[in-house]
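Good morning. I will go through one structure today, starting inside a chain and ending at a contact between chains.

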Amino acid sequence: MAIPSDAGSEALHRLKTTDPPQWLAPSAALSQTARAASQHLFSSLRPYAPKTPFEQLLVEGFDAEQIWQQLDLQSQPLLSSIRRELKRFEKDPEEIRKLRVAMEGKEREKGLEDEVEKMEVESDDFGEDLEDLEEEEEQQQQKEGKEDEDEDEDEDEDEEGEEGNEGGGIEDRFLKMKDLEKFLKEDEEREYGSKKKDKKKKKVDDGDQEENTEKEEEEEEAGDDEDENGDGEDEDEDSEEMGEFGLDDDEDEDTDELGNARYEDFFGGKKKKPSKKKSKLTGDLEGSGMDDDGEDDEKQQTLSTHEKELAKRKLKIEQMEKSNLEPKTWTMQGEVTAAKRPKNSALEVDLDFEHNMRPPPVITEEVTASLEDIIKKRILEGHFDDVEKPPALPSKAPREVKELDENKSKKGLAEIYEEEYAQKTNLASMPLSFAEEEKKEASMLFKKLCLKLDALSHFHFTPKPVIEDMSIQANVPALAMEEIAPLAVSDAAMLAPEEVFAGKGDIKEESELTQAERKRRRANKKRKFKAEAAKRTANKPQDGTLLNNNDAVAEKKDDEEGAGVAR
Amino acid sequence: MESNQAPSSMEIEATPSEPNLASGSLLPKPKFEPLKAHEMSDGRVQFRKASVPPHRYSPLKKAWMDIYTPVYEQMKIDIRMNLKARKVELKTRPDIPDVSNLQKCADFVHTFMLGFDVIDAIALLRLDELYVESFEIKDVKTLWGEHLSRAIGRLSGKGGKTKFAIENATKTRIVIADTKIHILGSFANIKVARDSLCSLILGSPAGKVYSKLRAVAARLAERF
């Protein structure tokens, strides 16, 4: 152990002295020294690790990954054992003193101190590397692996620090641990974000209040790890829940740290970086501020439920006031066009507006069947709902529409103008158009009807209109021609006496005649008759036979006799 | 001769009246008898010639007597057909009643040559105020080829019904001879008929023209 330890320490020393830029380029010498150093460290840690399969770190012929795995194998059980120790010390601070007493061997102390320094140096380098990696915010495994290593180193350092410093540094840390736990419990009741802030604050507290502020970053990380450990120990309840987050993949850490699955675990040092920067920049101021907050937290523990509610309400009010100041969401704004709201955002919102139209009827088979039934029934009944126009009352007589005759006119142009001229000068009654003739006929009929109706009423006597017509009039008694229910009845005949008989001189009846007049009449008659008879015989000279002559003679004789008798 | 006679008769009349007014008053106004148509043209015979287009030759032959009779008998104008020159010649007679007869007859014959019927053209003889107006389609709108044919078709209508409708409504007679249009009638009626024909040429549909015609015809009828 002594010889290799010296070589190992030399190697470590050499590693320390090399300039950082030299690490960038791979060099065989550097790798050799690194291997030697890691071997040395491995063997130095070996007594503390309970179950390491390797006696010493095998480096020859192994690549970085394999060496790493070996280290990992050793470090994990080591970590768990250290944690157990820590728990023990928590529960029983007196044991620490026992430890110290047991470890008062100066040689060991010296060696330890030397190793502590070297460890600090190494951890410094490693810490820087870790920072670089963390700044990249790359894979969590890498980070956690490195954290493990870091924790490994740091915890070793812490342990050895415990042993080395006579209880001064450790006591402070442990006391702080307890305070931290208290604070964390209270913060748990609030939201996670504030807790994290407290944690950051506490980290800073650690960094500031400790006087050994050479490597603030390390201590921050130490504090962070401690916090995590402490939280892990306290939050066993959450550990089961957080167990799902397999991102905290180290098995030893899981039970303790899963409960504290934090943003940083998943998404890197977004919050760590600013917190670190903050700490760098404003170390003292923040420390003082954080102290005050720490004190406030203490006060909040003693608040009554009413005050707690008030505080909640106040917080809500602040939130609402803040949201009021911000511009409203598009749903709260008045008229929003498509350009003013994000794309497809109207689909997500449940819009409700009045539809002025009835929605169109959904045509299903049933609807059509019902319609068809109605139609059939109506057709059978003959009940049609045709809208019929109400008969419009004619306000004025319809204008006579002169139809355009599309046929060739039969009259010549001269005749047309002739008719026109005649009409103008009223020479002759123009042959009226067809419509006018019908009009005349209609008016005639109506007049006749009116005459008859007036006769019935008797109120006003209107004589029949005189129409100069050529018509034959029979000698019918006037009664028939006049009114149906005549006022006066007259025996007068229709024809005037002149029309009946137009004669000259005195006209006497037979009874008025004197005898001489009678005789005269008879004589006239006879003469006429004779004249006629003579005519007849003259007309028929061929037929002049004896018979005719005899007849004629016989007639003459008869006439004479008649005449003689008359006389 | 007749002109010489007039002053002599005048002189005879004048001399006996002169000694009555010997006191110095104005001379009595001379009384002239109206001049006869023959005298107006200084006793010379006047002629008119109307050329016969080939497409009116056979209709002229058919309707010759209808033309000849009123011209010769009522208008007292000599009329003859010069077959060689394909012209109808008119000549005045001494016993012509009116100066304007010759011109009327010439117009009548000319109208017949344009394409009008005899019975329509005779109106010219009977009425003074009838005129014939002719114009071409291209005067209204320049049309070529199919457009021209379509315009002519629009003017006449199916079976000539549009043309007859215009004729009947406006009391005119219309002849559509390829691209030339002749209208016979009185002045106002010619105007109306021309307007409707022009609107048809320009492209308005027949129905529109009919409605306008109806309104016009009603107005024209209302006057009388």
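Let me begin with chain B, which has 224 residues, 36% of them buried. This is a predicted model, so please keep that in mind throughout. Chain B holds eleven helices and six strands. If we take the contacts in chain B with a separation of 6 or more, 57% of them join residues 24 or more positions apart.

Now the inside. In soluble globular proteins, nonpolar side chains tend to be buried together. The largest nonpolar core here has 24 residues, and the members that touch the most others are B:I67, B:I77, B:L90, B:F108 and B:V109. Where does this core come from? At least two residues each are supplied by α3 (57–62), α4 (64–74), β2 (77–82), β3 (87–92), α5 (100–114) and α6 of chain B. Of these, α5(B) gives the largest share, with seven residues.

Take B:I67 as an example. What does B:I67 touch, once we set aside its neighbours within four places in sequence? The list is B:L60, B:I79, B:F108, B:V109, B:F112 and B:V118.

Chain B puts in 24 residues and chain A puts in 18 residues. The size of an interface is often given as the accessible area lost when the parts come together. For chain B and chain A, the buried area is about 1900 Å², and carbon and sulfur atoms account for 63% of that.

What about charged and polar pairs? Eleven residue pairs are in polar contact between chain B and chain A, counting pairs with both residues at pLDDT 80 or more. The two chains also share three salt bridges. One of these can be found between the side chains of B:D117 and A:K408, at 3.6 Å from N to O.

Which elements of chain B give two or more residues to the side that touches chain A? They are α6 (118–126), α9 (161–170), β6 (180–186) and α11 (206–223). The largest share, five residues, is from α9(B). By type, this side of chain B has twelve nonpolar, five polar and seven charged residues.

Definitions and conventions:
Residues are numbered from 1 along each chain as its sequence is written. Chains are lettered from A and ligands numbered from 1 in the order in which they are written. This is a predicted model: local features need pLDDT of at least 70, side-chain atom pairs count only at pLDDT 80 or more; totals for chains, interfaces and linings use all residues. Side-chain values use heavy atoms; hydrogens and water are left out. Contact means heavy atoms within 4.5 Å. Buried area is the accessible area (1.4 Å probe) that two parts lose on being put together, summed over both. A salt bridge is a side-chain nitrogen of Lys or Arg within 4 Å of a carboxyl oxygen of Asp or Glu. A polar contact is a pair of N or O atoms within 3.5 Å; within protein, one must be able to donate a hydrogen and the other to accept it, and residues adjacent in sequence count only if both atoms are side-chain atoms. Helices (H or I, at least four residues) and strands (E, at least two) are DSSP runs, numbered from the N terminus. Ala, Val, Leu, Ile, Met, Phe, Trp, Tyr, Cys and Pro count as nonpolar, Asp, Glu, Lys and Arg as charged, and the others, Gly among them, as polar. A nonpolar core is a set of buried Ala, Val, Leu, Ile, Met, Phe, Trp, Tyr and Cys residues joined through side-chain atoms within 4.5 Å. Buried means under 20% relative accessible area, exposed over 50%, partly exposed in between (1.4 Å probe, protein chains only).
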